[in-house]
Amino acid sequence: MAVADPLAASSAVPAGEPPGGTAPTVVGRHDAFRRRLARLGWSFSAPALIVIAAVTIFPIVYSVIMSFSKVNVSGNGYSLNGLTLHNYSLVVNYGPWRYALVFTVLYTVVTVSIELVVGTAFALVLERMTRGRGLLMAILLIPWSLITVISAELWSYMYDQQYGIIDAIFRAVGLGSPSILGSAAPSIAALCVADIWKTTPFVAIIVLAGLVMLPRDVYEAAEVDGASGWTTFWKITFPLLRPTIALAVLFRVLQAFGLFDLPFVLTHGGPGFATTPLAILGYNVMFQDFLFGPGAAIATTTALLVVIGCLLFLKVFRAQVGSEIS
Amino acid sequence: MADITLEKVVKVYPNGFEAVKEVDLDVADGEFMVLVGPSGCGKTTLLRMVAGLEDISAGTMRIGGKVVNDLGPKERDIAMVFQNYALYPHMTVAENIGFALKLRKMPKAEIDRKVKEAADILGLTEWIDRKPGQLSGGQRQRVAMGRAIVREPSVFLMDEPLSNLDAKLRVQMRAEVSRIQRRLGVATVYVTHDQVEAMTMGDRVAVMRSGVIQQVDDPQTLYDRPCNMFVAAFIGSPAMNLYEATLEAGAGALRLGSQRIELPEAVRVARPTLAGYAGRAVVIGLRPEHLPAANERSDGNVIEGDVELVEALGNELQVHFSIDAERILAEGADNAGEVTLHHGEGVARVDTRSGMKPGSRGRFAVDTERMQFFDASDGLAIRE
């Protein structure tokens with residue numbers, strides 16, 4: 001029969017028909033074909049995968065190894081000499097690290113919450129606009145599109161005690177001339193304002209994307225059911241937007257937790273350690289104090305905290321909305 | 001409960017498109033009114049205007065005698081079932097059904113009671129705690145119905161509520177919706193493009209085309225006495241065979257291509273105006289069931305055609321034939337999923353025992369009493 005004769009088997013499949021008939025030989029050939037295709041795919045992707053491994057995976061792994069190592073730094077470089085937990089105990093008992101941890105968490109919670117509320121409000125307005133929406137979006141996106149270092153410089157001019165506009169406004173309304181970036185609480189507030197100004201548009205755009213995806217007829221059903229605008233927002237829009245808002249929160253938390261460039265330029269982490277987040281602290285410990293081990297430990301703990309935080313968030317979020325996404 | 005009155009209602013979109021043109025329509029209290037027509041005829045727009053989801057450009061709309069032109073949906077005391085159900089995806093079946101009652105600040109115990117009652121009527125009790133995403137199409141459809149009936153509104157509005165269901169479920173839900181409507185006795189406007197739904201469900205049916213209501217009548221009248229060629233071709237499946245024919249002088253007979261059909265006295269008496277068309281072209285309409293296979297006893301009026309296709313349906317044969325007369329296609333009426341007809345083609349429903357075969361010459365008895373006549377220039381029926 002055809003199976004025994006390869007020529008007859010091949011002629012059993014009409015020309016132009018895709019492989020994968022019922023005869024066992026054809027199925028076997030199909031599998032081999034797919035394996036060959038998969039190998040080809042991997043070989044094409046290999047260069048990109050190697051680059052990713054070199055620039056992303058290797059540094060992460062190396063920094064984790066370093067955080068558990070005794071690192072000797074000398075004039076000719078550094079060397080890793082055996083494993084230790086000493087770096088972590090140093091970091092955990094380091095006052096500025098504890099402060100930076102609390103600061104980073106609070107900063108993240110405060111800025112992300114405000115950005116979410118203001119960004120959602122912007123998105124709701126944008127969604128309702130029929131005219132000028134594109135223009136307003138373009139204007140809104142300017143802060144987001146500015147390079148952080150540049151916007152930080154702009155804000156530092158504005159906060160300047162001698163010629164800054166904010167200082168001028170304070171004086172005009174009779175609040176004197178506080179040194180905004182010179183004391184702890186005002187400089188933290190100044191940092192938050194600059195961040196919110198820059199990042200709210202990003203949240204607004206994400207929420208707007210979610211809003212326009214919501215089904216129109218559900219709103220019409222709510223209108224027929226007699227829901228007011230306020231009720232519609234809280235009972236329909238907000239619950240349906242939860243997946244989108246979760247996405248925005250996730251993006252923003254990841255960014256805010258890695259906060260670096262804005263305080264680096266605007267406040268230099270000061271006064272004192274007042275505006276030093278974990279990322280700047282790690283950088284300083286590593287590259288100014290040349291404490292590679294503790295620096296790597298700070299980087300590793302920060303990354304771990306972000307991952308744990310995001311996983312927890314996703315878990316809570318899934319439990320809430322999992323069953324709705326059909 | 002209330003009646004609905006539309007007086008010269010117009011809808012013009014900002015781009016100038018006139019979707020609804022001076023529509024007059026009365027829906028009596030408790031009546032099931034079906035709006036039917038091909039896609040884009042304005043039926044859904046009209047329904048949404050009744051709902052308050054679309055502004056009324058001109059004219060007057062009354063619900064229960066009250067002018068509602070400037071009232072929003074929630075002030076009109078209506079309930080609507082949407083084509084895609086529009087259920088709240090984040091709420092359970094019970095919450096979906098009870099949402100409107102909750103908004104009215106009805107006590108929780110009463111809401112629960114009403115929701116349970118509605119769920120019982122619709123057979124949803126088992127799924128009361130599920131979310132829409134976990135339900136089948138038919139169940140979602142029921143939830144949408146439940147949401148409408150629990151409100152006890154003055155008016156029900158339904159926008160193609162069965163169009164997303166499979167054929168079998170659609171037939172089942174068709175009966176169910178009719179039953180619920182009769183039980184509640186609430187004025188209902190039901191939009192569909194499916195003429196079978198229209199015929200089986202409506203107390204009266206309004207046939208729409210290009211924003212204009214063509215005819216409003218009970219289904220049987222619509223079928224037997226269509227007011228124009230569009231309605232004649234739209235209602236009925238397979239569609240009515242419309243041919244151009246010439247009325248002989250004296251209006252005693254018709255020339256249909258090379259064939260001749262004699263018109264009995266009764267036909268002429270029933271339509272005195274027909275005499276005025278003597279010597280002119282008219283359009284005649286013959287429903288497929290009024291063209292049975294001719295036999296020896298058939299006297300006189302028989303037309304012959306070439307049988308091209310025979311579809312055996314078990315109880316009858318649908319015979320596609322062609323004759324040498326001009327077939328008329330009413331514009332917009334060809335959406336019933338039928339094959340496009342070509343020159344001279346017609347359909348007859350004949351007895352299975354007639355044994356007609358493709359390629360043979362078929363002989364069909366013409367039921368002249370039930371033949372329809374239309375003015376060839378404006379398409380209006382010649383009924384008197």
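Which domains does the domain assignment of chain A give? Chain A holds domain 1 (17-86) and domain 2 (92-324), with bounds that come from an automatic or database domain assignment. This is a predicted model, in which local features need pLDDT of at least 70 and side-chain atom pairs count only at pLDDT 80 or more, while totals for chains, interfaces and linings use all residues. Residues are numbered from 1 along each chain as its sequence is written, chains are lettered from A and ligands numbered from 1 in the order in which they are written, and side-chain values use heavy atoms, with hydrogens and water left out.

Within chain A, the C-alpha centres of domain 1 and domain 2 lie 34 Å apart. Seven residues from domain 1 of chain A and seven residues from domain 2 of chain A take part in the contact, where contact means heavy atoms within 4.5 Å. The size of an interface is often given as the accessible area lost when the parts come together. For these two domains of chain A the buried area is about 550 Å², 78% of it on carbon and sulfur atoms; this is the accessible area (1.4 Å probe) that two parts lose on being put together, summed over both. On the side of domain 1 of chain A, M66(A), S67(A) and V73(A) supply 60% of the area buried against domain 2 of chain A, more than any other three residues.

Across this interface of domain 1 and domain 2 of chain A there are zero salt bridges, a salt bridge being a side-chain nitrogen of Lys or Arg within 4 Å of a carboxyl oxygen of Asp or Glu. The elements that give two or more residues to the domain 1 side are α2 (24-67) and β1 (69-74) of chain A, where helices (H or I, at least four residues) and strands (E, at least two) are DSSP runs, numbered from the N terminus. The largest share of that side, four residues, comes from α2(A).

The other interface is that of chain B and chain A. Here the contact takes 23 residues from chain B and 19 residues from chain A. Chain B and chain A bury about 1,900 Å² between them, with 62% of it on carbon and sulfur atoms. Two salt bridges are found across the interface of chain B and chain A. On the side of chain B that touches chain A, β6 (78-81) and α2 (93-103) of chain B are the elements that give two or more residues. Of these, α2(B) provides the largest share, four residues.
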